[in-house]
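Please look through the model below with an eye to how its side chains meet.

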Amino acid sequence: MSSTKRKALTTDEGNKKARTGGNASITSFFGVPKPVAAVTNGTAKGLAAATAPEATSVLKFDKTKWVEGLTEEQKQLLKLEIETLDDSWLAHLKDDVKSKDFLELKKFLAREEKAGKKVFPPKEDVYSWSRHTPFHTVKVVIVGQDPYHNHNQAHGLAFSVRPPTPAPPSLRNMYIALKKDYPTFTPPAKNGGLLTPWADRGVLMLNTCLTVRAHEANSHSNRGWEKFTQRVIDLVASKRTRGVVFMAWGTPAGKRVIKVDSKRHLVLKAVHPSPLSAARGFFDCGHFKKANEWLVTRYGEGSEIEWDLNPAATPPSMKKEVEKEVEKEKEKKTKDDVPPATVAISKDGVEEKSVILEKEREAGKAGVAVEDKNATDSEEEDEEDSTENDKLFQSFVSENY
């Protein structure tokens, strides 16, 4: 393995030390997951909250025995899963990866490799989401679509790109929404887009499809990945019984969380952050703040996600103070925007009730009702438009954002 690739892996895995063994297997690059760094925002209270009773009950899984029970063909086809899919996930997915559909997917990927097709993300990064966010550490799920399909972009986490690749437009729009939720938010230096800190803090960023042919959007869709990643989402929804937050942006993502129990979990839906749709509600959706507020109600103080990707920019001690000042400014602006009461004056200077003003008030009330109705109609139209253009939209987003 070249030193350049080793450096890239070291950067991407964060606190995991790159190691090389004599057999040069993919596993030689990945250390044992460190749940303390992954699930907390730096406080002991956050750790206690995140490791809820159902989170700490690790499923008994004898990986060695399971591998011994595989056929030689299965061992060959599932080499990547055996070596790079985190054991906390493999314990739950061991039967799924042995299924006929999944093995057919693996045969398809083998044919792609044999034909010399370039596939993204790099093989060792396909399951990086599982190593950065072990099953028992998941607090938030962000559902993505197709991986980025250009060089030095996709590395296994939805929306995230490796440096020096700048943040794509959709991710930059996510930063704008975050800034509205948390005025002290600062994105990575040099317009970066690496989101591994979020993953290490319990944010599972999962694409619906986990691989793609270079420069060919959706080229690996409908091959089996969708069924597998749906199983991942369903597992979180059914096993993380104290609840997690699901963020689904855009119609395709929304369909992935239809079956999620909204009484047990918090399901947040909005339009996709792509420049094609972000202006229709994404910037003001407030999802990042809503997620944290909900996590605190379920797990207590300290369980919220630290969304800041450059924490050193604003010391923690100053963040709440800055946010309070911003809220005060918003309240002041709202009061200043309220127009003064209008009073009708007769010719002799006596105040009288204005028929015109009364009519305007009634019209205003009617106007609100009309606007509300139109808003509902608009949402239904958007839904219909989205359904008709899903394929086109996903292709455009994958190619450009």
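The paragraphs that follow take up the aromatic rings and then the charged side chains.

This is a predicted model, in which local features need pLDDT of at least 70 and side-chain atom pairs count only at pLDDT 80 or more, while totals for chains, interfaces and linings use all residues. Residues are numbered from 1 along each chain as its sequence is written, and side-chain values use heavy atoms, with hydrogens and water left out.

Rings of Phe, Tyr and Trp (for Trp, its six-membered ring) pair if their centres lie within 6.5 Å, and planes under 30 degrees apart count as stacked, over 60 as edge-to-face and the rest as tilted. By this rule the count comes to 16 aromatic pairs. In one of them, the rings of Phe102 and Phe228 have centres 5.0 Å apart and planes at 40 degrees, so this pair is tilted. Phe102 belongs to helix H9 (residues 100–114) and Phe228 to helix H13 (residues 225–239), so that the pair links distant parts of the chain, 126 residues apart; helices (H or I, at least four residues) and strands (E, at least two) are DSSP runs numbered from the N terminus. Both Phe102 and Phe228 are buried, where buried means under 20% relative accessible area, exposed over 50% and partly exposed in between (1.4 Å probe, protein chains only).

Tyr127 and Trp225 form an edge-to-face pair, with 6.3 Å from centre to centre and 70 degrees between the planes. Because Tyr127 lies in the loop between strand S1 (119–120) and helix H10 (128–132) and Trp225 in helix H13, this pair ties together parts that are 98 residues apart in sequence. Tyr127 counts as buried at 0% relative accessibility, and Trp225 counts as buried at 1%. Trp89, Phe102, Tyr127, Trp129, Phe135, Trp225 and Phe228 form one aromatic cluster.

Turning to charges, a salt bridge is a side-chain nitrogen of Lys or Arg within 4 Å of a carboxyl oxygen of Asp or Glu, and a search of the whole structure finds 13 salt bridges. One of them joins Lys106 and Glu81, at 2.9 Å from N to O. Since Lys106 lies in helix H9 and Glu81 in helix H7 (residues 79–84), the pair ties together parts that are 25 residues apart in sequence. Lys106 counts as buried at 8% relative accessibility, and Glu81 counts as buried at 0%.

Glu72 forms a salt bridge with Lys75, their closest N and O atoms being 3.6 Å apart. Glu72, at 61% relative accessibility, counts as exposed, whereas Lys75, at 27%, counts as partly exposed.
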